[in-house]
Amino acid sequence: MNRSEKSKLRKKTILEAAEKLFVQKGYEATGMDEICICSSLSRRTVYSYFDSKQEILYAIMSEHLTSLEKEFETIIKDNDDFMIRWKQIFYAKLSFDRNCPMDVKLIQSTRSKDMQKNMDSEALHEIVVIGQKIEDLLAGVMEQGIAEGIVRDDIHPVFAVSVLTGGFDSLFQLVRSKGSYLKERCGMDEEMMLEAGFDQLMASILKVK
């Protein structure tokens, strides 16, 4: 194993150890010393890769978002149908929401004043860049819908993507927090709620026939 491969392996080991601790104990309750112990690496080695716990979180999130971007690219490449594309994007986001809850919270706070103060962080800047690439990717799908006469032509593609994906996130949160109540009140299981919510959100951008 050459020097570059060893470096990548050490970085991977640190990220995996940190993510394990973040999930088990929570981000706030996890310290750098614990990450060093869990990764079986010295403090000097860990700090040679990351200046802080926050930088480690940003690096983990960057990897997750890159995977999500690739998944969206595959969905778009493999499907020409507008509604099928968005249905699969919806469920890919649902999987991301369930498997990467810390990432979702960080995404939702990226426009806060505290996060803006950290925009000089290279890792955070990379997250923003990946997020914009995903936004552009989905805006391209929205433009397809407008060109095909499926989507209303009075909406801006990027704005529509922000509203729609924000609606997805709110729906996921609703099902998480009030799923049992809604099941009792509406007679709908989780899958039915998700399907109905998806249809209602999509209806907001579609042309009325």
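View 1. Of the 209 residues in the protein chain, 39% count as buried, meaning under 20% relative accessible area, with exposed set at over 50% and partly exposed in between (1.4 Å probe, protein chains only). This is a predicted model, so local features need pLDDT of at least 70 and side-chain atom pairs count only at pLDDT 80 or more, while totals for chains, interfaces and linings use all residues. Residues are numbered from 1 along each chain as its sequence is written, and side-chain values use heavy atoms, with hydrogens and water left out. The protein chain has 10 helices and 0 strands; here helices (H or I, at least four residues) and strands (E, at least two) are DSSP runs, numbered from the N terminus. Contact means heavy atoms within 4.5 Å. Among contacts between residues at least 6 apart in sequence, 65% join residues at least 24 apart.

**View 2. Helix α4 alongside helix α8.** These two pack at an angle of about 15°, with their axes 9 Å apart. The axes are lines fitted to C-alpha atoms, for helices over the stretch in contact, and angles run from 0 to 180 degrees between N-to-C directions. That makes α4 and α8 roughly parallel to each other (angles under 35 degrees count as roughly parallel, over 145 as roughly antiparallel, 65 to 115 as roughly perpendicular and the rest as oblique). Look for Leu65, Phe72 and Ile76 among the α4 residues in this contact, and for Ile127, Leu138 and Val141 among those of α8. By class, the contact has 14 nonpolar, 2 polar and 5 charged residues. For these classes, Ala, Val, Leu, Ile, Met, Phe, Trp, Tyr, Cys and Pro count as nonpolar, Asp, Glu, Lys and Arg as charged, and the others, Gly among them, as polar.

**View 3. Helix α5 against helix α8.** Here α5 (residues 82-99) and α8 (residues 122-147) pack at about 150°, and their axes are 10 Å apart. The pair is therefore roughly antiparallel. On the α5 side the contact is made by Phe82, Arg85, Trp86 and Ile89, and on the α8 side by Leu138, Val141, Met142, Gln144 and Gly145. Sorted by class, that gives 6 nonpolar, 2 polar and 1 charged residues.

**View 4. Inside the largest nonpolar core.** A nonpolar core is a set of buried Ala, Val, Leu, Ile, Met, Phe, Trp, Tyr and Cys residues joined through side-chain atoms within 4.5 Å. The largest one has 39 residues, and Leu65, Phe72, Phe82, Trp86, Met142 and Ile205 have the most contacts inside it. Two or more residues come from each of α4 (53-78), α5, α8, α9 (157-186) and α10. Helix α8 gives the most, with 9 residues. Zoom in on Phe82: leaving out residues up to four places away in sequence, it touches a set that includes Met142, Ile150, Met202 and Leu206. A second, separate core of 16 residues includes Phe22, Cys36, Ile56 and Ala59.

View 5. Glu195 is found in helix α10 (residues 190-203). With a relative accessible area of 25%, Glu195 is partly exposed. Glu195 touches Lys87 and Tyr91, not counting residues up to four places away in sequence. The C-alpha atoms of Glu195 and Phe90 are separated by 9.9 Å, although these residues are 105 apart along the chain. Thr45 is in helix α3 (residues 43-49), and at 18% relative accessible area Thr45 is buried. Its C-alpha atom is 9.6 Å from that of Lys11, 34 residues away along the chain.
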